[in-house]
Amino acid sequence: MDKVRKMERVAALTKIMTDRPRYLFSLSQFSELFGAAKSTICEDITTIKETMGHFGLGIIETVAGAAGGVRFIPKVSDTDTDNILHELAFRLAEPDRIIPGGFLYMSDLLFTPHLMVKVGEIFMQRLAHLEPNYILTVETKGIPLAFMTARAFDLPLITVRHGSKVTEGSAVSINYVSGSSKRIQTMSLPKRAVPSGARVLIIDDFMKAGATARGMVDLTNEVGAKVVGIGVLVATAEPEHKLVADYLSLLILHDVDEHTKITDIRPVLTSD
Ligand SMILES: O=P(O)(O)OC[C@H]1O[C@H](OP(=O)(O)OP(=O)(O)O)[C@H](O)[C@@H]1O
Ligand SMILES: Nc1ncnc2[nH]cnc12
């Protein structure tokens with residue numbers, strides 16, 4: 001290979017690292033890829049680190065030692081977080097989102113990749129201290145958000161399903177009554193999906209009574225793993241007491257008025 005110029009290395013390194021947030025790349029790997037000395041790669045990394053810091057684009061973390069390396073950690077600034085949450089609240093308050101029964105149509109936003117990438121990064125930033133090693137959600141609408149959170153953490157996603165599937169092997173199942181649908185539903189977790197002792201972070205799009213989240217906690221306990229935290233995009237203000245003790249919600253839905261078409265939904269801001 002022709003000698004790779006610094007500008008080319010920096011562009012390639014940035015692409016490789018930001019494509020896989022939080023993954024620890026070894027310097028030897030980069031050194032081999034570009035045919036450059038480790039000291040040269042270190043200089044490139046310093047340039048990327050400074051640029052990221054200067055523009056508030058994320059953090060480049062170096063880990064010393066034989067098992068060490070370098071990784072990119074997404075960082076959404078407080079201002080960007082507040083702007084995204086304001087934008088989501090504004091869009092969710094659009095009058096034509098109200099569905100009879102006081103439901104809010106959210107699927108278009110939940111399935112918009114660039115929005116969910118950011119929300120996933122916000123969850124990662126706020127919940128990384130819990131040190132999960134699995135992300136868990138329940139089908140259907142929670143999946144894109146949970147998947148993007150899993151991406152920001154560089155962790156696998158497990159999906160609880162409404163009913164067991166032969167392709168997933170043996171499963172533990174429970175019945176629960178979702179406060180939202182007021183129906184008895186079944187949820188199943190394949191036994192092989194979560195090893196016992198795993199630290200699980202639950203991510204979902206919506207929480208009303210919290211029965212769905214409670215069900216996921218119970219299933220996780222059933223397979224000998226532990227729920228370390230729960231994050232939801234929207235939680236309703238009422239009922240105040242949910243069926244799970246502790247959770248982080250990015251938006252609070254105070255009211256949906258089907259007659260006036262006014263939805264009162266507010267972000268939980270970084271300054272709150
Ligand atoms: O706190 P709860 O009252 O239990 O309700 C919350 C659940 O309701 C929604 O799912 P939904 O029933 O709309 O299913 P879907 O994602 O498959 O559309 C949401 O994704 C939660 O999982
Ligand atoms: N989108 C939604 N709007 C209102 N209540 C819900 N419960 C579950 N999903 C909901």
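**Loops, helix packing and domains**

Reader: Where is Thr140 found?
Author: Strand 5 covers 134-138, and helix 7 covers 143-153. Helices (H or I, at least four residues) and strands (E, at least two) are DSSP runs, numbered from the N terminus. Thr140 sits in the loop between strand 5 and helix 7.

Reader: What kind of model is this?
Author: Residues are numbered from 1 along each chain as its sequence is written, and chains are lettered from A and ligands numbered from 1 in the order in which they are written. Side-chain values use heavy atoms, leaving out hydrogens and water; local features need pLDDT of at least 70, side-chain atom pairs count only at pLDDT 80 or more, totals for chains, interfaces and linings use all residues, and the model is predicted.

Reader: Which residue joins Thr140 through a cis peptide bond?
Author: The bond has an omega of about 15°.

Reader: What is omega for the peptide bond from Glu238 to Pro239?
Author: Pro239 lies in the loop between strand 10 (226-236) and strand 11 (248-257). The bond from Glu238 into Pro239 is cis. Its omega is near -5°.

Reader: How is helix 1 oriented to helix 3, and at what angle do they cross?
Author: Helix 1 runs over residues 6-19 and helix 3 over residues 38-55. Their axes (lines fitted to C-alpha atoms, for helices over the stretch in contact, with angles from 0 to 180 degrees between N-to-C directions) come within 10 Å and cross at roughly 65°. Helix 1 is therefore roughly perpendicular to helix 3 (65 to 115 degrees; under 35 is roughly parallel, over 145 roughly antiparallel, the rest oblique). The angle is roughly 65°.

Reader: Which residues of helix 3 make the contact with helix 1?
Author: Contact means heavy atoms within 4.5 Å. Helix 1 contributes Lys6, Arg9, Val10, Leu13, Thr14, Met17 and Thr18. Helix 3 contributes Thr40, Ile41, Glu43, Asp44, Ile45, Thr47, Ile48 and Met52.

Reader: Why is helix 1 called oblique to helix 2?
Author: Helix 2 covers residues 27-34. Its axis and that of helix 1 are 12 Å apart, and the packing angle is about 135°. That angle makes the pair oblique.

Reader: Which residues of helix 2 meet helix 1?
Author: On the helix 1 side, the contact is made by Arg9, Ala12, Leu13, Ile16 and Met17. On the helix 2 side, it is made by Phe30, Leu33 and Phe34.

Reader: How far apart are the axes of helix 4 and helix 6?
Author: Helix 4 spans residues 78-92 and helix 6 spans residues 113-127. They pack at about 130°, so these two helices are oblique to each other. Thr81, Ile84, Glu87 and Leu88 of helix 4 meet Leu115, Lys118, Val119, Ile122 and Arg126 of helix 6. The axes are 11 Å apart.

Reader: How far apart are the C-alpha centres of domain 1 and domain 2?
Author: Domain 1 covers 6-73 and domain 2 covers 78-267, with bounds from an automatic or database domain assignment. Seven residues of domain 1 are in contact with six residues of domain 2. The centres lie 33 Å apart.

Reader: Which UniProt domain annotation covers residues 5-74?
Author: The entry is unreviewed, and such annotations, with shortened names and the numbering used here, may be inferred rather than shown by experiment. Over residues 5-74 the chain is 57% helix and 17% strand, with end C-alpha atoms 26 Å apart. The annotation reads "Bacterial purine repressor N-terminal".

Reader: What does UniProt place at residues 113-248?
Author: That stretch is 28% helix and 32% strand. Its end C-alpha atoms are 21 Å apart. The unreviewed entry names the domain "Phosphoribosyltransferase".
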